[in-house]
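I am opening my notebook on a new chain today. My plan is to look things up one at a time and write down what I find.

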Amino acid sequence: MRYHNITKDDMLNGDGLRVVLWLAGCDHCCKDCHNPLTWDPEGGLLFDRAAKEELFAALDKSYISGLTLSGGDPLHPANRLGARRLAQEVKETFPQKTVWLYTGYLWEEIWQLPIMQYVDVCVDGEFQRDKKDNKLLWKGSKNQRVIAVSATLSGENPRIPLLHCTDYGESDEEAVSPLGGHRIWDSRALADRGRSACEG
Ligand code: SF4
C-alpha cells in the first residue's frame, strides 16, 4: 500500500479534528478530481513501519477524533487488504476514536467488504461535477452519501444505507437522499462543516 500524505489536524474530512491518510491509487477518473496525482497506485511513498508509527503517534493525541482514509481510493484493489488491516488495528488500539472512509465506489458494491466492520462512516460515490455543491456537508456532489456504517450493517437491509447526516447538516428526517437512503441524525455533524476529499 502506498500513500501521498498524512495530515494531522484536518477539519474538512469528518467530524472533529482528524488524521487523514491520503492513499495512492484510484480508477474512477472523475472529471474535475482535485487529486489526479493520487490515481497511480505506484505513486507516492510506501506505507512502511515509519509511516505507520507517524500515523499512530498522531492518532494518540487526545484532541484527535479519529482516522480518515482518503486518496485516491482506499478501496482501490491495491489498497483493500492494507486499508482493512490498518482500520482494524486503529480500532483495536483506539476503540473510542472513529474511522471514516472516502471511496468512489457505491455502497451497494462495497457493503460486504471486511473493512466495513472497522469503519464508522463511509462517504461513497464518484464526484459528479454537475452535482457539485460547495455547501454540502462532508462531500462534494449531491450523489454522494455520508453513511452510518454500523447502523446500516445492523439494520433490516444492509444494502440500504442509513445516513450519518443530511446534505447540509439539517435534521430533516423527511428529506430524501438522491439514491434513496434513509436518514439518521448525529448532532456531532453540526459542529464541523466541511467538504470531502472527493469534491473535485
Ligand atoms: S474524485 Fe475521488 S474517486 Fe474521483 S477520481 Fe478523484 S480521488 Fe478518485
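In which sense do S6 and strand S7 (residues 145-148) pair, and over how many bridges? I looked up the pairing and found the antiparallel sense, with four bridges. I must keep in mind that this is a predicted model.

**Entry 1: the whole chain**

I stepped back to see the overall layout. The chain has five helices and nine strands. I read the order from the N terminus as β-β-β-α-β-α-β-α-β-β-α-β-β-α. The chain has 200 residues, and 42% of them count as buried. I also checked contacts with a separation of 6 or more, and 63% of these join residues 24 or more positions apart.

**Entry 2: strand S6**

I went back to S6, which covers residues 121-124. Its other partner on my list is strand S5 (residues 98-102), and I noted that S5 and S6 pair in the parallel sense over three bridges. So I have S6 paired in the parallel sense with S5 and in the antiparallel sense with S7, by the bridges that DSSP finds.

I then picked out single partners. Leu101 has Cys122 as its bridge partner in S6. Val121 stands opposite Ala148, which is in S7.

Are the two faces of S6 covered or open? I found both covered. Val121 and Val123 are buried on one side, and Cys122 and Asp124 are buried on the other.

**Entry 3: the nonpolar core**

Which residues touch the most other members of the largest nonpolar core? My answer is Ala87, Val119 and Val121, in a core of 37 residues. I listed the elements that give two or more residues to this core: S2, S4, H2, S5, S6, S7 and strand S8 (162-163). S2 gives the most, with five residues. I wrote one general remark beside this: in soluble globular proteins, nonpolar side chains tend to be buried together.

Leaving out residues up to four places away in sequence, Val119 touches Ala87, Val99, Leu101 and Val149.

**Entry 4: Leu81**

I found Leu81 in helix H2. Is Leu81 buried or exposed? Leu81 counts as exposed, because it has 12 C-beta neighbours inside 10 Å, and the cut-off for exposed is 12 or fewer. I also looked up a pair of C-alpha atoms. Leu81 and Ile115 are 34 residues apart along the chain, and their C-alpha atoms are separated by 8.3 Å.

**Entry 5: backbone angles**

Most residues other than glycine have a negative phi, and most peptide bonds are trans.

Where is Cys29 found? I placed Cys29 in the loop between strand S2 (17-23) and strand S3 (45-46). Its phi is near 50 degrees, a positive value in a residue other than glycine. Cys29 is exposed, with 10 other C-beta atoms within 10 Å.

Asp32 is also found in the loop between S2 and S3. I noted a positive phi of about 70 degrees for Asp32, although it is not a glycine. Asp32 is partly exposed, with 14 other C-beta atoms within 10 Å.

Last, I looked at a peptide bond. The bond from Gly71 to Gly72 is cis, with omega near 15 degrees. I located Gly72 in the loop between strand S4 (64-70) and helix H2 (80-93).

Notes:
Residues are numbered from 1 along each chain as its sequence is written. This is a predicted model: local features need pLDDT of at least 70, side-chain atom pairs count only at pLDDT 80 or more; totals for chains, interfaces and linings use all residues. A residue is buried if 20 or more other C-beta atoms lie within 10 Å of its own, exposed if 12 or fewer, and partly exposed in between; C-beta atoms are placed from the backbone. Two strands pair if DSSP finds at least two bridges between them. Two residues are in contact if their C-beta atoms, placed from the backbone, lie within 7 Å. A nonpolar core is a set of buried Ala, Val, Leu, Ile, Met, Phe, Trp, Tyr and Cys residues joined through C-beta atoms within 7 Å.
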